[in-house]
Amino acid sequence: MGSALASDQLYVRETVRHSVKILIAGHFAVGKTTIVGALSEIRPLRTEEQMTQAGESVDDPSGVPGKTTTTVAMDFGRLTLSDDLVLYLFGAPGQERFKQMWNDLARGALGALVLADTRRIEESFDVMTLLEERGLPYAVAINQFDGAPVFPEDELREALDLLPATPLVRCDARDPVSSTRALIALVEYLIESKKRESA
Amino acid sequence: MSPPRPERALVRPHVVTGGRAHPTRNIFDLVTLVIASRSQVGGLSPEKRRVMELCQGGALSVAEVAAHLALPASVTKVLLSDLVDSGHIVTRASAAEAGQATDDMLREVLDGLRARL
């Protein structure tokens, strides 16, 4: 911890008064931590949360039927966007069983960027459902892995079953510029959606 | 690309919080910014002293405090909540508590992201 405390970038700039968060959502190994690392101004951090969940197993050995505790890790990063505002990016795992953590993460979030992999498109459905259930708007970014098939946009839209208004972009999660563009597509969409709502 | 795992706290979470699982107030989002508002730490538990030591230096989000101290976010919220009650910590509101993000805030996010390109 000593070295972290010595870092100039450890603390949020003094003038900052507001903080917002955007979720980076996606299934296992889709590049969530990579994109958080590419965008964050601080070394990405990890916090753990203990989840008490409704158990699916009936023969819970702990003797407390229907409840189990798991630990889930969240990786996150920070971007100072102005003198007044910081943005936090949280990697959100695509599993239904982390419901409580999802509620905590989704509460007050501006929206989510769903990372998808063309080799495993169907694995993105769960995370999209989790977002839709919570009414959290999202854009989809195809993390274009080396050697993964490249499909035309209309085929991807159909495979992902996206609404016409939902942005679909390609990005390289390792590349800060490409990843920033994906976030910009999301925020433009959030502003547009808000306009439509209030119209 | 995964960051190194932080050192584990040596004390079990429920010991740290005095057996409580929930904070006395529900004002904390993961991105709520917290900062120390006084320097005296007399009478505080070791874990709260650690929080204060970290928060003396400037503002951090609840999630950052948790990560730097290798504590679960829920435990961190309990500690911070007590420290707000005792006047040691003050918060700066996050968008989550203010309800929906305003148009102005979204615009500020957009401008900030574009400026990074």
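The model is predicted: local features need pLDDT of at least 70, side-chain atom pairs count only at pLDDT 80 or more, and totals for chains, interfaces and linings use all residues. Residues are numbered from 1 along each chain as its sequence is written, while chains are lettered from A and ligands numbered from 1 in the order in which they are written.

**Confidence**
- By element (helices are DSSP runs of H or I, at least four residues; strands are runs of E, at least two; numbering starts at the N terminus), mean pLDDT is lowest in helix H1(A), residues 2–6, at 41. Strand S6(A), residues 138–143, has the highest, 98.
- Residues 1–7 of chain A stay under 50, with five contacts (C-beta atoms, placed from the backbone, within 7 Å) beyond four places in sequence.
- Residues 55–63 of chain A are also below 50, with six contacts beyond near neighbours in sequence.
- Where pLDDT is low, the predicted coordinates should not be read in detail.

**Strand S5(A), residues 111–116**
- Six of its six residues are buried (20 or more other C-beta atoms within 10 Å of the residue's own, C-beta atoms being placed from the backbone).
- Both faces are covered: A:Gly111, A:Leu113 and A:Leu115 lie on one side, A:Ala112, A:Val114 and A:Ala116 on the other.

**Pairing and crossover**
- S1(A), residues 18–26, runs parallel to S5(A), joined by four bridges (pairing needs at least two DSSP bridges). A:Ala25 has A:Val114 as its bridge partner in S5(A).
- S5(A) also pairs with S6(A), parallel, over five bridges. A:Ala112 has A:Tyr138 as its partner in S6(A).
- From S5(A) the chain passes through helix H4(A), residues 125–133, to S6(A) in a right-handed β-α-β crossover (clockwise from the first strand over the helix to the second, with the strands pointing away from the viewer).

How values were computed: pLDDT = per-residue confidence, 0-100. Contact = placed C-beta atoms within 7 Å. Buried ≥ 20, exposed ≤ 12 C-beta atoms within 10 Å, placed from the backbone.
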